[in-house]
There are 2 protein chains.
Amino acid sequence: MRRKSARSISIKDIARAAGVSPSTVSRALNNHPRISPETTQRIAKMAQDMGYSPSVPARSLVTQDTATIGLTITHVSDTFLAKVVQGVEAEAHKNGYAVFLSSSYRDREGEMEVIRSFYERRVSGIIVSGSQIDNDYLELQTRFPLPIVLINCPIYPYSVTSDNQGGARKAVEHLFQLGHCRIAYIGNRKSHLSNLNRMNGYKAVLQEHDIPVDPQLIVDGNGELAGAAEPLRHLMALPQRPTAIFCFNDLTAIGVIHALKEAGVQVPQDCSVVGFDNLEMGAYYSPPLTTVQQPRFELGQHAMRMLLKLCQGRDDIEPEILQTDLVVRKTTAPAPA
Amino acid sequence: MRRKSARSISIKDIARAAGVSPSTVSRALNNHPRISPETTQRIAKMAQDMGYSPSVPARSLVTQDTATIGLTITHVSDTFLAKVVQGVEAEAHKNGYAVFLSSSYRDREGEMEVIRSFYERRVSGIIVSGSQIDNDYLELQTRFPLPIVLINCPIYPYSVTSDNQGGARKAVEHLFQLGHCRIAYIGNRKSHLSNLNRMNGYKAVLQEHDIPVDPQLIVDGNGELAGAAEPLRHLMALPQRPTAIFCFNDLTAIGVIHALKEAGVQVPQDCSVVGFDNLEMGAYYSPPLTTVQQPRFELGQHAMRMLLKLCQGRDDIEPEILQTDLVVRKTTAPAPA
DNA sequence: TTGTAGGCGTTATCAT
DNA sequence: ATGATAACGCCTACAA
């Protein structure tokens, strides 16, 4: 039993009070050209005084545009996304769009539900980050006929992705230069494509230096703080332990360092660790984390620009890939003798 | 120049295809009682097949309810909020509401803008966390005539707050029991009310133990990782340094510990540190952080329940205060001799 | 049980 | 420069 909250004042109310027709009010409020400047002034003032606020739902009914875009995020706590969101918002606001976030919790059903909810509310377009249903989007496009841009899903035609393979290469090359030969990789089964590309970068560097890829040194995590201890255990149980670990992301790296300390392994003296993302937190960790920087703000910004193009019906769109960079701090050191 | 995206199919389309009137379709889709079960079936199937999705904006025009609530958050990276958001969502979804987040960036104008945007889109209600315009909400209610619930703003009549003073008391009492007498407090100028209450809790415990409150030991931070080093400098410059520091939140605490380490001060041997919030990250920090747990999920859940009551026009509402608890980990130790 | 008509708040297309 | 009128997609009396 929902209360119909006090009806907000409409264009009709203003019209009545001003002794003009609703259409005149509408035109005045939208700075329509052919209308006397003085009425425009007068109406604007009245609207202000009466506390008028236009109804986007009503307007959208006729304009077919809610001036709202939906952004699917995994978690609010996903610090990787903070800057991405800022990038999206900056570009959206500049173009008169509002951005509404909704979290999918890295769950296929949750993600579908969010998309459905966005569509029912007739958002102008959707940006999805951390999708769990990657490849289904091409087909989904028929069910939800609105522009959708994916972040970090390079197989989708409307996508903006950071150079995962390149970033991984830089990280592993750095470890190799420090003399490491037994380098492990802890991946993330929840992030299929990014995981694959980072792993490929890892393998490529090893092969280029004639280091055989040891499958025992490749284990899976879940990309979360709490998911690092278990895959690390496998690594520590090996007859020949790795001297360096390249992690799918910073959270995994921090989880790993935490577990290593508990096991009495010193970082970086006994074991080097590299993360991925360059979360702010990493710089404040002890030791400060060596990691790979993603162009997060640009990721969001470019995604929004792409979405705007799609909203305008343009179709001259190519998937984009943005550069990544190594940030060396204190969790990497020369390999122990 | 926005493209009018391909019109989505409406109840009229279904009506035409089914050879009935639009109202029949509407009734069938809403499980209206007085309609033949077979038509209901038939229409439901057709709607499904044709990929029908109801237009919330259109419906809201007549029902005066968008079944959407707006949640104002400070940042996406504000890990304190993750569980709060989950609490809000759980309760909202259970009642058929969608939750849209929008970030205010702890900025008065930003917050106003978010509220305005929510109102223009005629959300059914709003929940605000981390408000910068606290006391203005009573007056704002006239400008934005819809239900608003605040989190952690106990002076507002529709609010859910965690017991900041109680939590602070537990933290400082813990330090006192460990033998600390020179206990500092690093506050947060950006979070006025919570800051005040935590500081009051801090002062109360000192006074109860006949420890004079030294104003030099009370300094201001900004609640962020990067804002801790500067207030800490003041503390370290004191002729008699504190042996323990109670921080406004976990981010400040981590920033403090980081800076202490750089200054060669050992935590907890030389100086104990306590945070507030119990962010997940704190357990993985080294040393693991002693902190105060806030009932974050419940904060969100109760806020949403309160909002639902308001949406129903009920007015039997009291501000709520939820309990907080001390979590002792490894950043606190007996005071140095 | 179903159809018809009116209206929610707004904009757009005609007239005037 | 302004006013009628229709339409957007949906719901809901009122009629049939």
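In the predicted model, the axes of helix α1 (residues 11-18) of chain B and helix α2 (residues 22-29) of chain B come within 8 Å and cross at roughly 105°; axes are lines fitted to C-alpha atoms, for helices over the stretch in contact, and angles run from 0 to 180 degrees between N-to-C directions. This makes α1(B) roughly perpendicular to α2(B) (65 to 115 degrees). The contact involves B:I11, B:K12, B:I14, B:A15 and B:A18 of α1(B) with B:P22, B:T24, B:V25 and B:S26 of α2(B), contact requiring C-beta atoms, placed from the backbone, within 7 Å. Six of these residues are nonpolar, two polar and one charged.

In chain A, strand β4 (residues 148-151) directs A:I148 and A:L150 one way and A:V149 and A:I151 the other, and all are buried (20 or more other C-beta atoms within 10 Å of the residue's own). Strand β3 (residues 125-129) of chain A pairs with β4(A) in the parallel sense over four bridges, pairing requiring at least two DSSP bridges. A:S129 lies opposite A:I151 of β4(A). The bridge partner of A:I151 in β5(A) is A:V160, and β4(A) runs parallel to strand β5 (residues 159-162) of chain A, joined by two bridges.

β3(A), helix α7 (residues 137-143) of chain A and β4(A) form a right-handed β-α-β unit, the path from the first strand over the helix to the second running clockwise with the strands pointing away from the viewer. Helices (H or I, at least four residues) and strands (E, at least two) are DSSP runs, numbered from the N terminus.

Residues are numbered from 1 along each chain as its sequence is written, and chains are lettered from A and ligands numbered from 1 in the order in which they are written. Local features need pLDDT of at least 70, side-chain atom pairs count only at pLDDT 80 or more, and totals for chains, interfaces and linings use all residues.

How values were computed
A residue is buried if 20 or more other C-beta atoms lie within 10 Å of its own, exposed if 12 or fewer, and partly exposed in between; C-beta atoms are placed from the backbone. Angles under 35 degrees count as roughly parallel, over 145 as roughly antiparallel, 65 to 115 as roughly perpendicular and the rest as oblique. Two residues are in contact if their C-beta atoms, placed from the backbone, lie within 7 Å. Ala, Val, Leu, Ile, Met, Phe, Trp, Tyr, Cys and Pro count as nonpolar, Asp, Glu, Lys and Arg as charged, and the others, Gly among them, as polar.
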